[in-house]
Each structure stands twice: as structure tokens, then as C-alpha cells.
Amino acid sequence: MSLRVTQSMVQSQLLRNISSNMKRMAYNQDVLSSNSKILKPSDDPVGITYALRYRSELALNDQYKKNVDMAKSMLDHTDSVMEQINSLIQRANELTVQGTNGTNTQTSLDAIAQEMGQLYEQAVTLGNDQLNGKYIFNGQKTDQKPYSSSGAAAALNPNGQIALNGSGSVATPGESSDDQSVLYQLSDGVTLPVNVTGQDVFGGGSDTDNLFTVLKGLQTAFANGDQASAGTLLGSLQSRFNKFQDVRSEVGARSNRIDLIDSRLQALNQNLTAMDSSVEDADIGSVIIKLKSDQNVYQASLSAGAKIIQPSLIDYLH
């Protein structure tokens with residue numbers, strides 16, 4: 001028995017086709033406007049898992065990049081300050097060699113003592129250097145000033161040597177910085193200290209080659225005309241300079257490693273972006289062609305529908 005096709009069946013089928021064509025056209029319009037082929041998880045359940053993973057890794061990579069930028073800024077600034085300290089130590093060394101050659105009058109030694117005092121004050125200033133309001137040489141206590149003009153150097157004897165108490169230990173040690181490192185995580189499993197402490201650079205408060213103590217001792221020795229004591233302190237100054245150079249080399253090595261990490265993060269970011277794009281981004285050319293095809297089909301379905309349902313009861317009555 002053949003199935004009778006009624007007008008209602010034709011109209012229902014026509015509406016389903018038009019609705020289907022419109023949905024397909026709307027989907028491609030959304031894809032084109034968002035440049036994403038995954039508008040909801042059901043569009044590509046496997047692809048969305050990869051996309052979420054790539055987005056998470058890109059976000060983490062961005063944070064590592066920010067840490068790298070801050071770490072590099074910190075180390076570059078530290079290196080700049082250490083260059084000034086390097087010049088200061090070299091000038092103190094020149095003055096000490098000049099003052100201990102045995103040919104200077106007390107007036108000349110007084111002039112050297114005065115300049116040595118200025119070098120001491122400048123060393124204290126550099127020891128209290130700040131970056132973005134944080135003291136760079138005070139370990140993790142970046143909100144506290146590590147040195148003062150009156151307390152940076154240990155208590156001295158009249159000959160400029162460190163004063164000892166009855167037990168042979170330092171009577172009044174100079175001020176010491178916090179010795180804790182500031183650690184930045186720069187990539188997965190890679191953490192680096194981005195600071196050097198004042199104890200690394202200037203020496204501990206009880207160290208015989210503490211830079212503040214040596215400079216103050218040289219000032220005292222030259223002011224008293226004690227060239228022998230100044231000669232002894234020259235050895236301490238050179239000892240501190242050698243340790244200072246080791247610390248400066250460490251800063252340079254860390255800065256170079258951070259440059260390498262930065263390059264790796266940039267390469268990783270490019271790879272992740274490319275993989276995420278392959279999963280999420282729409283093929284614009286293909287979508288435009290599909291959309292144009294859908295528009296043509298939709299217009300054709302409307303046109304066909306207008307002709308199919310055109311006969312009405314009035315037409316039959318005619």
C-alpha cells in the first residue's frame with residue numbers, strides 16, 4: 001500500500017530542513033566570528049582536553065616568563081651596584097698602597113684618611129641599595145635597612161685592628177645582613193637564587209676582612225700615621241676583593257643561565273601556541289566556503305518551500 005503524502009507532511013519536512021540549514025549556517029557564523037572550531041566541549045571532546053592542557057601550560061609558562069624578567073632585572077641591578085663596589089675597593093687599594101710607601105707626610109696621610117672615610121660612607125650607602133623599595137643585600141629581610149654608618153664596622157683598636165675581648169673573640173662585631181637567599185622558580189623544577197647577601201659581598205660582622213671594618217681601620221690607621229697597621233689591613237682588603245670577585249662571577253653566571261632559560265621559555269611558548277592553535281583555531285578559508293554554501297542551501301530551501309506551500313484553499317476553490 002502506497003503512503004499518501006499530505007500537505008502537513010510536506011510542510012513539516014520543509015520546516016525541519018529549513019531549521020537544520022539555519023542551525024548549520026549559525027554554527028559556521030559562530031566559528032567564523034570566534035575563530036574557534038570548538039564552541040562547546042561536545043564539538044570535539046578529545047580536542048577540548050588537549051586545548052585545556054595547552055592553555056594551562058601557556059599560563060604557567062607566562063608566569064615563569066614574568067619570574068625570569070624579574071630575576072634578570074634583579075641580577076642586572078645587583079651587577080651594576082657591584083661594579084660600583086668594585087671601583088670603590090680598587091680606589092681603597094690604590095690609596096692604601098700609596099699611603100704605605102713610606103714617603104708620605106702626616107698631612108698626606110690625613111688626606112688619605114679623609115678619602116678613606118668617604119669611601120666607607122659610600123660603601124655603607126651601596127650596602128643599603130634598594131630596587132623597587134627593597135634592600136637588595138639584606139637576604140629575605142628586604143624591608144629592613146641592613147647597615148648604618150655608625151654600626152657597619154666592628155669596634156676597632158687605636159691602630160685600626162678589630163678590638164678583641166678577654167676571650168679573644170670580637171668585642172663588638174659589625175652589622176651583618178640576613179643570609180637567606182631569595183629563590184625564584186624559573187621553570188618546572190628549576191629554582192635559582194636571585195640575590196647575593198651583604199655577608200657575601202662585604203663580609204660578616206666578625207670577619208677580619210669585612211669591607212666596612214677594613215675601610216674604617218684604614219681610616220683610623222692613616223689618621224694615626226700607623227703605616228704598619230695600614231699595611232696589615234691591605235692584606236685584608238685584598239682578601240675581601242678576591243672573595244668579592246668570586247661573588248660577582250656567580251652573579252654573572254646566574255645571569256647567563258637565566259638568559260638560557262628565557263630562550264627556552266620563548267621556544268616552548270611558540271610550540272605550545274602552535275599546538276593549541278592546531279586544536280582550537282578555525283580554518284577561516286574553509287569556514288567561509290562552508291558558510292557561503294550553507295547560505296545558498298538555506299536560500300534554496302526557502303525558495304523551494306515558498307513554491308511548495310504556495311497553493312492554498314483559495315487556489316483550490318478557483
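A residue counts as buried when its relative accessible area is under 20%. By that cut-off, 37% of the chain's 318 residues are buried. The model is predicted. Its chain holds 8 helices and 4 strands.

**Fold and overall shape**
- Along the sequence, the elements run α-α-α-β-β-β-β-α-α-α-α-α.
- The radius of gyration is 39 Å, well over the 20 Å that the globule rule gives for 318 residues, so the chain is more spread out than a compact globule.
- The C-alpha trace spans about 135 × 35 × 30 Å along its principal axes.
- Take the contacts between residues at least 6 apart in sequence: 74% of them join residues at least 24 apart.

**Nonpolar cores**
- In soluble globular proteins, nonpolar side chains tend to be buried together.
- Here the largest nonpolar core has 50 residues.
- Ile-85, Met-116, Val-201 and Phe-212 have the most contacts inside this core.
- Elements giving two or more residues to it include the helices α2 (45–99), α3 (106–127) and α6 (227–280), as well as the strand β4 (190–193).
- Helix α2 gives the largest share of this core, 12 residues.
- A second, separate core has 7 residues, among them Ala-51, Tyr-54, Leu-58 and Leu-272.

**Around Ile-85**
- Leaving aside residues up to four places away in sequence, Ile-85 touches Leu-126, Phe-137, Val-201, Phe-202, Leu-211 and Phe-244.

**Surface and charge**
- The accessible surface of the chain is about 17,400 Å².
- Carbon and sulfur atoms account for 51% of that surface.
- The chain carries 25 positive and 33 negative side chains.
- The centres of these two sets lie 15 Å apart.

Technical notes. Residues are numbered from 1 along each chain as its sequence is written. This is a predicted model: local features need pLDDT of at least 70, side-chain atom pairs count only at pLDDT 80 or more; totals for chains, interfaces and linings use all residues. Side-chain values use heavy atoms; hydrogens and water are left out. The radius of gyration is taken over C-alpha atoms; the globule rule is 2.2 Å times the number of residues to the power 0.38. Buried means under 20% relative accessible area, exposed over 50%, partly exposed in between (1.4 Å probe, protein chains only). Contact means heavy atoms within 4.5 Å. Accessible areas come from the Shrake-Rupley method with a 1.4 Å probe; for residues, only the protein chains shown count as cover. Lys and Arg count as positive and Asp and Glu as negative; His and the chain ends are not counted. The place of a charge is taken as NZ of Lys, CZ of Arg, CG of Asp or CD of Glu. A nonpolar core is a set of buried Ala, Val, Leu, Ile, Met, Phe, Trp, Tyr and Cys residues joined through side-chain atoms within 4.5 Å.
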